[in-house]
Amino acid sequence: MDAFLHQLLAGLSTGGIYASVALALVMIYQATHHINFAQGEMAMFSTFIAWMLIQAGFPYWAAFGLTVAISFVMGAALEVTVIRPMRNAPVLSVVVVFIGMMVIFHSLAGWLFGYTIKQFPSPFSPDAWYGGSLMSPHEVGAIFVTLVVVGLLFSFFRFTSVGLAMRAAAQNPESSRLVGINVNRMLMLGWGLAGAIGAVGGMMVAPVVFLDPHMMMGVLLYAFAGALVGGIDNPVGAVIGGFIVGILENLVGTYVVGTELKLSVALILIIGVLIVRPAGLFGKVIVTRV
Amino acid sequence: MNENLLEVKGLHAAYGPSAVLHGIDLSLKQGSVTALLGANGAGKTTTLRALCQMMVTTRGEITFAGQRVDGRSTERIAGMGIGHVPDGRGTFLGLTTEENLRLGAYGRKDKGAVAEDMDLVYSYFPRLKERSAQQAGTLSGGEQQMLAIGRALMSRPRLLLLDEPSFGLAPLIVQDIFSIMRRINKEEKVSILLVEQNAELALDLADSAYLIETGRIVLSGSADEIRGNDAVRRVYLGE
């Protein structure tokens, strides 16, 4: 029973990380209806930036904040330079660009930082009071960080006029322009936020899986599954989906298929959701009257 | 000082390679209601889009309140005091009624006045107040039309561009909306440029009117003059 509980809680913790990356995917999907396949590699690259800053002597939380800021700028800059010119391109071209970005970030990280596996520190000391026999302090901390990110984003979209404008621009760009919203700026902001959220996910997962250019490959798949399970157009759903996938992955991996086949859980989930409920568990079906 | 709020000279507009407007001149007096009449495909909607530089490329001069508008971005024009109630109503379907209205005030910094304007819109359209927390996609066509007008009003515009507000609505609701528009014009001193296929309805509300055919203005004058014109009576008023 103890082992089961432990697996469950460990799943919750990795689920939190999938949830952050899923959230980043949703961010961009909502605004542009594209899945950013490079999201994981962007997060990995951001984590390397954090690692570099820590190596350079920055205290952890300073490096954390700086990395989030740099990743925001990086995401926004990508939108302006790479994605915006593709605005009217066919979907397949956009997909190819995303895959290209994925490969570039991957190779760039390998070239700049090397392929050797690196330790990445956790800000949560291993003997902190909130750790226990069932969950390590890092697992507890990672969940907490995820929840803070979700809470901040939720408040941003719910209560600020820029957040409202971003939702509006994603839904109806033409009408948004007519009320004075600069839609291009909203898209840039969306990409920046996605970059920043992904970076948080990367920094939270790195102490667990260790830092190397391959770090996010599996995570992206799980996050994608999480986003689909919850509803790719629904931030709250994506977060819940991320947690569900994390728990399922751990339990099914431990008790049913074994660790080697764990990744197939994500793939089965993706296919299952697409067949049974394409909008996801919490996907919003917009009601329209004509 | 020019008394015309809107002055358009030699306006051409095109969607990509296909030209729709071929040199339109029109002017609109401060405080007036001007109707733009014409058949389907004559270029009425395109004229409104051209005024907001939306989806079309234009040539010619557009002056609003003494400032050139052509060449500016749609979102900047919205900020200059032109409220556009677009073709198809432009509802943000997934947002609530109240969020739709709040979006109309996007970019305004005077929070207190925005709250007052929200009450004002609700006083013109009490139905919207009842539906304020409802997803806008669930509103009826008439309610969405009211929402579109309300959203445009939230920017405190000097000029409202209305694109076929009667389209697809029951006659009673249309009457209702047109009488509210008359009140808005009188009480809020908002000038209106109204595009309509229903000439009778439009001429009732308007002070002056233009008739547009295949991208050109073929007739203009006071609402009474237009109503009295034989060709108009035959073709557009069905008499």
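**Chain contacts and fold of a predicted two-chain model**

Apart from residues up to four places away in sequence, Ser27(B) touches Asn4(B), Leu6(B), Glu7(B) and Val8(B); two residues are taken to be in contact if their C-beta atoms, placed from the backbone, lie within 7 Å. The model is predicted, so that local features need pLDDT of at least 70 and side-chain atom pairs count only at pLDDT 80 or more, whereas totals for chains, interfaces and linings use all residues. Residues are numbered from 1 along each chain as its sequence is written, and chains are lettered from A and ligands numbered from 1 in the order in which they are written.

Ser27(B) lies in strand 2 (residues 18–29) of chain B. Helices (H or I, at least four residues) and strands (E, at least two) are DSSP runs, numbered from the N terminus. Ser27(B) counts as partly exposed because it has 18 C-beta neighbours inside 10 Å. A residue is buried if 20 or more other C-beta atoms lie within 10 Å of its own, exposed if 12 or fewer, and partly exposed in between, with C-beta atoms placed from the backbone. Between Ser27(B) and Leu237(B), 210 residues apart along the chain, the C-alpha separation is 24 Å.

Chain B contains 10 helices and 10 strands. The C-alpha trace of chain B spans about 45 × 40 × 35 Å along its principal axes. Of the 239 residues of chain B, 46% are buried. Among contacts in chain B with a separation of 6 or more, 66% are between residues 24 or more positions apart.

Two residues of chain B other than glycine have a positive phi. In general, most residues other than glycine have a negative phi. For Gln53(B), phi is near 50°. Gln53(B) is placed in the loop between helix 1 (44–51) and strand 4 (57–64) of chain B, and is buried because 21 other C-beta atoms lie within 10 Å. Ala65(B) likewise has a positive phi, of about 50°. Ala65(B) is placed in the loop between strand 4 and strand 5 (67–68) of chain B, and is partly exposed, with 16 other C-beta atoms within 10 Å.

Chain A has 11 helices and zero strands, and its pattern along the sequence is α-α-α-α-α-α-α-α-α-α-α. For 290 residues, a compact globule would have a radius of gyration near 19 Å, and the 19 Å of chain A agrees with this. The principal axes of the C-alpha trace of chain A span about 55 × 45 × 35 Å. Of the 290 residues of chain A, 51% are buried. Contacts in chain A between residues at least 6 apart in sequence join residues at least 24 apart in 74% of cases.

Within chain A, the axes of helix 5 (residues 137–159) and helix 6 (residues 161–171) come within 5 Å and cross at roughly 80°. Axes are lines fitted to C-alpha atoms, for helices over the stretch in contact, and angles run from 0 to 180 degrees between N-to-C directions. The two helices of chain A, helix 5 and helix 6, are therefore roughly perpendicular to each other, a term applied to angles of 65 to 115 degrees. Phe156(A), Phe157(A), Arg158(A) and Phe159(A) of helix 5 meet Gly163(A), Met166(A) and Arg167(A) of helix 6. The residues of this contact comprise four nonpolar, one polar and two charged. Ala, Val, Leu, Ile, Met, Phe, Trp, Tyr, Cys and Pro count as nonpolar, Asp, Glu, Lys and Arg as charged, and the others, Gly among them, as polar.

Gly230(A) is found in helix 9 (residues 216–230) of chain A and is buried, with 29 other C-beta atoms within 10 Å. The C-alpha atoms of Gly230(A) and Leu281(A), 51 residues apart in sequence, are 5.0 Å apart in space. Leaving aside residues up to four places away in sequence, the residues that Gly230(A) touches include Gly237(A), Ala238(A), Gly280(A) and Phe282(A).

Between the chains, 25 residues of chain B are in contact with 20 residues of chain A. Helix 2 (74–79) and helix 3 (97–104) of chain B each supply at least two residues of the side that touches chain A. By class, this side of chain B has nine nonpolar, 12 polar and four charged residues.

Conventions:
Parallel < 35°, antiparallel > 145°, perpendicular 65-115°, else oblique. Rg over C-alpha atoms; globule rule 2.2 N^0.38 Å.
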